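Me: Got a model open here and want to talk it through. Can you take my questions one by one?

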Amino acid sequence: MSSLQLKQISSLIEKHEEEILSDWMRSQRGGSVFGGAMPKEGDLKEQSRALLRSLKEAMAKAASIDITTPEWETVRENLAATSRSNARDGASPTETATAIFSLKQPVFIKLAAELGSNPKELSEQIWSFSALLDKLGLYTAEVYQKSREQVIARQQQEMMELSTPVVELWRGILALPLIGTLDSQRTQVVMENLLQKIADTGAPIAIIDITGVPTVDTLVAQHLIKTISAARLMGADCIISGIRPQIAQTIVHLGVALGDVLTKSTLADAFAIALKRTGLAIATNHSA
Amino acid sequence: MEKIPIMKIDTSLLVTIQVDMNDSLALELQDDLSDRIVKTKATGVLIEISALEIIDSFIGRMLGNITAISRLLGADTVVVGMRPAVAITLVELGLPLAGIRTALNVERGLAMINPSSGGEGVDGRGPL
């Protein structure tokens, strides 16, 4: 679309702004655009007016319908704001995009009135404006998607931080209950946490409990072995506990070599061993 | 020129490495240490590396050499105070530190060398 054509449509919108706006509002509220959650009347009107205005101004200045150029920045901002507030009100990305598309008809009506005698030019203008609005509608869908991805990334980060605590069971005995799948990234975090805690507390024994780890394959075993090697280099030792019967079978079938790492099926057993190694014992108090 | 300090604690020697090692320093340390072990009839050597933030294969080799030399002279060697980041790097790089015993700090290191002097010694196992 040439910049001349854009300017023509821009002045058309300028001339019939109020009518186009109310036609557009009517289609948006007509029931064919928003299904369940309709944005509030006042909000919708404000958003549509701002969008229409910024669209008109951009089209007066822009050289083409490439909406990534700086002339379209205000339009992009308005689209992004509309997409986000609609998403908050519960509208789906399809509904938001359809609302943008529904601006086509009011403008087409006005174009037909102006250029009715020149069918060739009319069809060109209709096609170009349609292409432009398609881009704008798709842009709102993209913004929606990006903000979802941000939420997911943030939640992933939080989950990772939540699930690798190192607790001190007793003086000199640390416990690391692992929950969930163990991938390379998490292992890195887990390893650093554990080793730092060993350095901070000077605890010579750490019990790594894998009751909450659903599957143990060669990769997971490798990660565990790396962690234990690093701890031993520092001068501490590790016991693996929480080995379920299924896991034990899997490890043997896979031929994973755990070397001389001590393993126990329950945290209680591992704790008993740790106490013995540090020269402690739990005794019954008969006078209680 | 810097010299790496060697201190005597009971029947053990404590070596604290606080500066970057290079060839000449490493050789000098080996000389000094072997002399002192024989002179003081030391039965244990503690190498304290908590000030080292980076360890490369050179230092790894040097630690291995010192351990072997001390053992030949009749002294037990323990490396103490390794930083977590250093431990992780060594494991990731797969640098062989087989046969080197380690402890969390000087206290535990001493307990490992002199088990009869009491203290909470944990059976020091080598890296996997």
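Me: Which strands does helix H9 of chain A lie across, and at what angle to S4(A) does it run?
Reply: This is a predicted model, to start with. H9 (residues 218–234) of chain A lies across S3 and S4 of chain A. Its direction is at about 150° to S4(A).

Me: And what does H11 of chain A touch?
Reply: H11(A), residues 267–277, packs on the sheet and touches S1, S2, S3, S4 and S5 of chain A. Its direction makes about 175° with that of S3(A).

Me: Back to S3 and S4 of chain A. Do they pair parallel or antiparallel?
Reply: Parallel, over five bridges. S3(A) covers residues 205–212 and S4(A) covers residues 237–241. Ile207(A) has Ile239(A) in S4(A) as its bridge partner.

Me: What is the strand order in that chain A sheet?
Reply: S1-S2-S3-S4-S5, an open sheet of five strands with mixed pairing.

Me: Which strands stand at the edges?
Reply: S1 and S5 (262–263) of chain A. Each has a single partner strand, so one side of each has no neighbour in the sheet.

Me: How many bridges join S1 to S2 in chain A?
Reply: Three, and the two strands run antiparallel. S1(A) is residues 167–170, S2(A) is residues 173–179. Val167(A) stands opposite Ala175(A) in S2(A).

Me: What about the turn of that hairpin: which residue takes a positive phi?
Reply: Gly172(A), near 85°. Two residues lie between the strands of the hairpin.

Me: Does Asp10(B) count as buried or exposed, and why?
Reply: Exposed, because Asp10(B) has 12 C-beta neighbours inside 10 Å and the cut-off for exposed is 12 or fewer.

Me: And where is Lys41(B) found?
Reply: In the loop between H1 (23–40) and S3 (44–48) of chain B. Phi of Lys41(B) is positive, near 55°. With 10 C-beta neighbours inside 10 Å, Lys41(B) counts as exposed.

Technical notes. Residues numbered from 1 in each chain as written. Chains lettered and ligands numbered in written order. Predicted model: local features only at pLDDT ≥ 70, side-chain atom pairs only at ≥ 80, totals over all residues. Pairing = 2+ DSSP bridges. Helix = DSSP H or I, 4+ residues; strand = E, 2+ residues; numbered from the N terminus. Contact = placed C-beta atoms within 7 Å. Axes fitted to C-alpha atoms, helices over the stretch in contact; angles between N-to-C directions. Buried ≥ 20, exposed ≤ 12 C-beta atoms within 10 Å, placed from the backbone.
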